[in-house]
Amino acid sequence: MKTTLRLFLTCLGVMILFTSNAQRGKEGNQTISAANTVVNTYTNLTVAAAAGTSILTVTSNSMIGGAFGATPLAPGDLVMIIQMQGAVLNCDTYPHDLLWGTYTIPAPYRWSNSWKHHAHEWGALIHMDIFNNPTNGYGNSGKFEEIEVLSITGGNTIELGCNLVNSYDGLSGHVQIVRIPRYDTLTITGTGSIVPNIWDGTTGGVVDIEVNSHLDINAGGLISADAAGFRGGELDAFGTAGTVAVLDDVKFLGTNDPASGSEKGEGIHGYH
């Protein structure tokens, strides 16, 4: 039996899987010679989907463009479901103000002074709830799977050929559906490169390709998701031009006051 080479990239890493699929090679043989070619198309999950279900409710199930041109998503196509965010951080975002300014604190210490001795825990993943019971700080962030499409209904429903293994949170977890081109052979030549759409908070940042027979990346060719993932924090647009010396200026590890610093960058917890 022939094997199928599937290549999946995100801004975080590379994964190569070997599988066998009934509709492999649907997109035939392809040569990529243009720089920054986007072959995937994207949509996002709008309703949470539990493990064991085969129905996805999405913003749009047409998923045209990329390697597929004007051909909409169809039975036998392959999609990835991936949750980008949803981790729980040790950060109580309720603004506290005790004379010195508005700031946030580590979540378990809202009602006591003990937070002063646990500043290093601010922003860490929470693995215990307020009752000290173990919890999964990552939530469903990072979970993904790839499944063939069974059918398309209306403009917003995708029925999968298999039930989901994982549960996904929907809008709150920024779950995206990535349509995967299924090549028989793929050649990337010259200055040709395959990249994703840049992550915009809803979709992007992921390259996922299936190659059935032969993948040839010639010298100069590239598959990359570099700099297409999570966004940096926004710069402080206010600034403080006061006369207080920097070493004497009291700031806080977390604050809702834009004059006290710039934003933390985006991650598996969220943005802003």
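Arg 231 lies over the face of Tyr 271, at 3.9 Å from the ring centre; a charge sits over a ring if NZ of Lys or CZ of Arg is within 6 Å of the ring centre and within 35 degrees of the ring normal. The charged end of Arg 179 likewise sits over a ring, that of Phe 68, 3.8 Å from its centre. The model is predicted, with pLDDT of at least 70 needed for local features and 80 or more for side-chain atom pairs, while totals for chains, interfaces and linings use all residues. Residues are numbered from 1 along each chain as its sequence is written, and side-chain values use heavy atoms, without hydrogens and water.

Arg 179 also belongs to the strand pairing, for Val 79 stands opposite Arg 179 in β11. β6 and β11 pair in the antiparallel sense over six bridges; pairing requires that DSSP finds at least two bridges between two strands, and strands are DSSP runs (E, at least two residues) numbered from the N terminus. Both strands belong to an open, antiparallel sheet of six strands ordered β4-β11-β6-β9-β10-β5. Because β4 (41-44) and β5 (55-57) at the edges each have a single partner strand, one side of each is left without a neighbour in the sheet.

A search of the whole structure finds one aromatic pair. The ring centres of Trp 199 and Phe 230 are 6.1 Å apart and their planes at 80°, so the pair is edge-to-face (centres within 6.5 Å; planes under 30 degrees apart are stacked, over 60 edge-to-face, the rest tilted). Trp 199 is buried, with a relative accessible area of 3%, whereas Phe 230 is partly exposed at 25% (buried is under 20%, exposed over 50%, partly exposed in between, with a 1.4 Å probe and protein chains only).

Terms used: Helices (H or I, at least four residues) and strands (E, at least two) are DSSP runs, numbered from the N terminus. Rings of Phe, Tyr and Trp (its six-membered ring) pair if their centres lie within 6.5 Å; planes under 30 degrees apart count as stacked, over 60 as edge-to-face and the rest as tilted.
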